[in-house]
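Q: Please take a close look at one helix and the part of the chain around it. What does each side of the helix carry, and what lies next to it?

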Amino acid sequence: MIRYEPYANSGMILILTERSDAHAELVRTAITARGASVAVLETDRFANNTFCLEYGDETGCQLLESAGETIELGDVETVWCRRLRSPKLGTTGTHDPREDVVTSVCCLLMDRFWVNPYDNEMAARYKPYQIEVASRVGFDILPTLVTNNP
């Protein structure tokens, strides 16, 4: 579900999160109370709801949900990547294009201010990278094995 509360005097803050994130809802309420425009996009809903990106000469790029709700991406000034979750689309091993919508939205907004940058969010998901960074900054690293076989 997209929850959008407009405010004409500033750019929109877009919160990327998941349905179960009560903290994001509290932050949205507090920001809205201060008069800012906020949209909350629950990225885990992409698997079961239809979303599309629409481009138009007059409107720019919009994210549309099947329920008829819209986020004007051109209005977004700030992105808070609170809990970015890829949709769970099954275990068939095949690529599903619905996964690309989440990444596309993030890429389209790369030139905006990010509270926690998208690249950092993505890098933090990879344990070998985390271990390497920790080692470089002086942490002692225990012998570690990373495998695709649980």
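A: Contact here means heavy atoms within 4.5 Å. This is a predicted model, in which local features need pLDDT of at least 70, side-chain atom pairs count only at pLDDT 80 or more, and totals for chains, interfaces and linings use all residues. Residues are numbered from 1 along each chain as its sequence is written, and side-chain values use heavy atoms, with hydrogens and water left out.

Helices (H or I, at least four residues) and strands (E, at least two) are DSSP runs numbered from the N terminus. Helix H1 covers residues 22–33. Its twelve residues reach 17 Å from the first C-alpha to the last, close to the 16 Å expected at 1.5 Å a residue; the expected span is 1.5 Å times one less than the number of residues.

Ala 24, Arg 28 and Ile 31 are the buried residues of H1, where buried means under 20% relative accessible area, exposed over 50% and partly exposed in between (1.4 Å probe, protein chains only). Because they cover an arc of only 70° around the axis, they sit on the same side of H1; the arc is that of the directions from the helix axis to the C-beta atoms. The face turned away from this buried side carries exposed Ala 22, Leu 26 and Ala 33.

Thr 17, in strand E2 (residues 12–17), counts as buried because its relative accessibility is 1%. Leaving out residues up to four places away in sequence, Thr 17 touches several residues, among them Ala 24, Val 40 and Arg 82. Just after H1, Gly 35 takes a positive phi of about 95°.
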